[in-house]
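Please keep the sequence and the model at hand while reading.

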Amino acid sequence: MGQRCTTRLLLPLIATTILLITMLSLSRFSLTRSLPISLSLHTSLLYKKPTHSYYCPALPLSHPFSAYLRQLPKFNAPICAATTMASDSTVDPTPSLINSDNPLLKDFDFPPFDVVEPNHVRPGIRELIRRLEEDLVELERTVEPTWPKLVEPLERIIDRFQVVWGVVNHLKSVKDSSELRSAIEEIQPEKVKFGLRLAQSKPIYEAFKSIRSSPSWESLSEARKRIVEDKIKEAVLDGVALEDEKREKYNEIQQELEKLSQKFSENVLDATKKFEKVIVDKKEIEGLPASALGLAAQTAVSKGHENATPENGPWIITLDAPSYMAVMLHARNRSLREEVYKAYITRASSGDHDNTDIITQILKSRMQKAKLLGYNNYAEVSLATKMATIDRVEELLEKVRVASWDHHVKDIEEVKAFAKESGAPEANDIDHWDVNFWSERLREARYDINEEELRPYFALPKVLDGLFTLATKLFDVSIEAADGLAPVWNQDVRFYCVKDSSSQPIAYFYFDPYSRPAEKRGGAWMDEVFARSRVLAPPGAPVRLPIAHMVCNQMPPVGDKPSLMTFREVETVFHEFGHALQHMLTKQDEGLVAGIRGIEWDAVELPSQFMENWCYHKETLLGLAKHYETGEALPEEIYSKLLAAKTFRAGSLSLRQIRFASLDLELHTTFDPYGETSIFDVDRKVAERTYVLPPFPDDRFLCSFSHIFAGGYAAGYYSYKWAEVLSADAFSAFEDAGLEDDKAIKETGHRFRETILALGGGKSPLEVFVAFRGREPSPEPLLRHNGLLPIPASS
């Protein structure tokens, strides 16, 4: 993402927002999700970003989507007129895997997720790079500072690479294997080399500068101006202006960073998979709900304990999120909580999967990269393409920290008091593995809510029905199952078609809901498969339609029960769907800024956080919360309790996010990776000012902090907080219209769709927000939603 000249307009707004936050004690927790989304078409992301595509078996002519499929582009077509096959002597020595037998190089309509194997990766990607290198050479030879002679062929090259590499990278995230890892590791240097070759093309860079200085500049649309400004800035950040020796060093650093990031991610996955605790005595897992016992028994069966049952075991506890959280929230066995907590917080910090040195190497390489580019630190590099500045981010984080602190202190005091009232032996010595357990007991007692007992009301099929009904009401689209239309990577993956009011397809998306710890990384995320594009439109169609995928890690069906979700998991699905909506409902035809592309990173969480608010909307929640066996609706009194519990522990949860954001920023600004202070020293210092309890001495959370070491959030984790002001204010427009007024809600939803969801990166975030809201953002709705007002002094 590039920082455009128009984003300067937002800075006074942010300053005002921070001032208001100071006055009003703003803070709210934002759900942390791993790698939610890839957010720009930065050319260097050719070797970072997953995006996707495929060959689909022929459908019957009677199939409802056949007519549309016949119009889809075949992505193996030559990109430039000069593209030709090389002679046999230049082809990889496994020609059968390059041509007819390699799905990565076939014509396709949807990604070949079901047939791509690790042995396709090396020859397929090498051949793809060879072809695209020819296209790039031809573009540089014929380039002119015009849209048809520069931007359109460049978009084709970028898109083609992202589509094919995206297939491979996506499978790495959801269907990992040692063979696939080996193939990616071997081909990665060549992929990075090509990405740098494209990013540092001086003919392309000079052509963009010529467009900006040409007499026709003022006649360009705002979207095209943003593309030009972005590409110029991105080229500089990619080292185009560096002299030969410095550029060579820069390229070495990029290769090293890519390798380190990949290894970091693999270590986290392997360390998570490595921990398994087999339990045969049911007393050891007393307190675990039936859903967790079922999952633990199901895991045991998959590990060879064929006779395992939820009632009699054996049970296997893992560090995968559904298993880990069940223990931390519900296990009465304190020693079990302690053991599992320590295993989780020290993941990837020792042995063969130790990320400690990798983190130091990453930080050193990022610092070297910043110095080469003329910046003081890596945070300056990161924020060069964002809305914020380091000073304003630091100020915002400190204001929110101070505003949240008293609430957090009160939270911990209440937990200790409740544990003491309950006769807990640990009441006077509450530790890190006790807080969540006793907080959950306090929440249950105070609001008479047991989240596990609510699971039967949140069966995944009903939740999706309710979510899709809401999308129809707000945005006038319909969502239909299209399973079988596109190949999938696992039998549990669903495929959907999004249609407009005239029943015409306008987008598609995949949904992979369940945890698979043996092969799938944790967290939840959304990413693009195809972006909307005029340039890449199929013959006879005005645009290529966007396709997205959503990935979650919730508890899978157990026995004959569907996936029964916690309320938090419901919020997560709504969150990721918000990202997907911005990608799928875009009306921006310039592919380089369509959908989620080109939106500043610290504004992109707006639609996802916005959608979470609807989980507390009475009509929406009661519409989707139906008991999976009886069909009984969630009682209204329980809805009222959920609403009352919305701000429970708000101060503590806000400070958790502040810790992550502050730690991220400090590691990329003031920390010296060559000095004597360790990364864990920095973490402890940040923890001391964001948590009442003393830091856990062996806390190695950093070794699994994938957001900043294996994702796109380096010096950018603050974005979750930054976007909350925008998202809360956007939802307040619906509150102002009247949440019970269907006509007003539909009108407001239409305006949201035509601005926030439609304009993509073609306008600055401030302009888009003002177009929807009619004014600049205000922090007041966020304060109102989260109840973090100053605590009155005791009399």
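A residue is called buried when its relative accessible area is under 20%, and exposed when that area is over 50%. The model discussed here is predicted.

Side chains of opposite charge can pair when their charged atoms come close. In this model, the count of salt bridges comes to 66. One of them joins the side chains of E519 and R516, with an N to O distance of 2.9 Å. Both residues of this pair, E519 and R516, are buried.

A salt bridge also links the side chains of R534 and E590, here at 3.9 Å from N to O. R534 belongs to the loop between β6 (525-530) and β7 (547-554), while E590 belongs to the loop between α19 (567-584) and α20 (606-612), so the contact ties together parts that are 56 residues apart in sequence. With a relative accessible area of 30%, R534 is partly exposed, whereas E590, at 9% relative accessibility, counts as buried.

Two helices are connected by the salt bridge between the side chains of D683 and R659, whose N to O distance is 2.9 Å. D683 lies in helix α24 (residues 679-688) and R659 in helix α23 (residues 650-667); the pair therefore ties together parts that are 24 residues apart in sequence. D683 is buried, with a relative accessible area of 3%, and R659 is buried as well, with a value of 16%.

Salt bridges can also be followed through a network: K172, D176, R181, E266, D270 and K273 are linked in this way.

Technical notes. Residues numbered from 1 in each chain as written. Predicted model: local features only at pLDDT ≥ 70, side-chain atom pairs only at ≥ 80, totals over all residues. Heavy atoms only, no water. Salt bridge = Lys/Arg side-chain N within 4 Å of Asp/Glu carboxyl O. Buried < 20%, exposed > 50% of the residue type's maximum accessible area, 1.4 Å probe, protein only. Helix = DSSP H or I, 4+ residues; strand = E, 2+ residues; numbered from the N terminus.
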